Amino acid sequence: MKPITLSPAILARESGYLAACLLTALGANIYAVIHFHRPAVELFSQLGFVVVITIALYIYILILRLIFHGVKLAWSKMRKPHK
C-alpha cells in the first residue's frame, strides 16, 4: 500500500476550516453565556460541547464541499464534447 502524503497547502486549508469551525462554536458559546446571563465559568465547563459542535460543523462543511466538487465534476464532464 502506497503512503498518502498531504501537501502543506492542503494541511493549511483544512486547518483553516477547522479553526473557523472552532471560532464559530466558541462565539456561539460566548453569545449564549452573555445572552442567558450565565456565570463566566460556563465558558470552561461547556468546552466539551464546543468541541462536539466544532466537529459537527467541520463534518457539515466537509459534506457540503464534497457535494459541491461532485456537482462541479459532473458539470465539467457534461459540458465536455463527445468524440
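Visitor: How far does H1 reach from its first C-alpha to its last?
Guide: Welcome! This is a predicted model, and helix H1 covers residues 8–35. H1 has 28 residues, and at 1.5 Å a residue the expected span is 40 Å. The reach in the model is close to that, at 40 Å.

Visitor: Is Pro8 buried or exposed?
Guide: Pro8 has its place in helix H1. Its relative accessible area is 67%, and the cut-off for this class is over 50%. Pro8 is therefore exposed.

Visitor: Which residues of H1 are buried?
Guide: To count as buried, a residue must have under 20% relative accessible area. Helix H2 (42–45) and helix H3 (47–79) are included in what covers these residues of H1. The buried residues themselves are Glu14, Cys21, Ala25, Asn29 and Val33.

Visitor: Which residues does Asn29 touch, leaving out those up to four places away in sequence?
Guide: Asn29 belongs to helix H1. With a relative accessible area of 11%, Asn29 is buried. Setting aside residues up to four places away in sequence, Asn29 touches Glu42, Leu43, Gln46 and Val50.

Visitor: Is Arg13 buried, partly exposed or exposed?
Guide: Arg13 also has its place in helix H1. Its relative accessibility is 44%, and the class in question lies between the cut-offs of 20% and 50%. Arg13 therefore counts as partly exposed.

Visitor: How far apart in space are Arg13 and Leu26, C-alpha to C-alpha?
Guide: Arg13 sits in helix H1, and Leu26 in H1 is among the residues that meet H3. In sequence, Arg13 and Leu26 are 13 residues apart. In space, C-alpha to C-alpha, they are 20 Å apart.

Visitor: How far does H3 reach from its first C-alpha to its last?
Guide: Helix H3 covers residues 47–79. H3 has 33 residues, with an expected span of 48 Å at 1.5 Å a residue. Its reach in the model is close to this, at 48 Å.

Visitor: Which residues of H3 are buried?
Guide: Under 20% relative accessible area is what this class requires. What covers such residues of H3 includes H1. They are Val50, Thr54, Tyr58 and Arg65.

Visitor: What word describes how H1 and H3 lie to each other?
Guide: The axes of H1 and H3 come within 8 Å and cross at roughly 135°. Roughly antiparallel would need an angle over 145 degrees, and roughly perpendicular one from 65 to 115. H1 passes H3 in a right-handed crossing. H1 and H3 are therefore oblique.

Visitor: How many nonpolar, polar and charged residues has the contact of H1 with H3?
Guide: From H1, the residues that meet H3 include Tyr17, Leu18, Cys21 and Leu22. On the H3 side, those they meet include Ile53, Leu57, Tyr58 and Arg65. By class, the contact has 11 nonpolar, 3 polar and 2 charged residues.

Definitions and conventions:
Residues numbered from 1 in each chain as written. Predicted model: local features only at pLDDT ≥ 70, side-chain atom pairs only at ≥ 80, totals over all residues. Heavy atoms only, no water. Helix = DSSP H or I, 4+ residues; strand = E, 2+ residues; numbered from the N terminus. Buried < 20%, exposed > 50% of the residue type's maximum accessible area, 1.4 Å probe, protein only. Contact = heavy atoms within 4.5 Å. Expected span 1.5 Å × (residues − 1). Axes fitted to C-alpha atoms, helices over the stretch in contact; angles between N-to-C directions. Parallel < 35°, antiparallel > 145°, perpendicular 65-115°, else oblique. Left-handed = near helix turned anticlockwise from the far one by under 90°. Nonpolar A, V, L, I, M, F, W, Y, C, P; charged D, E, K, R; others polar.
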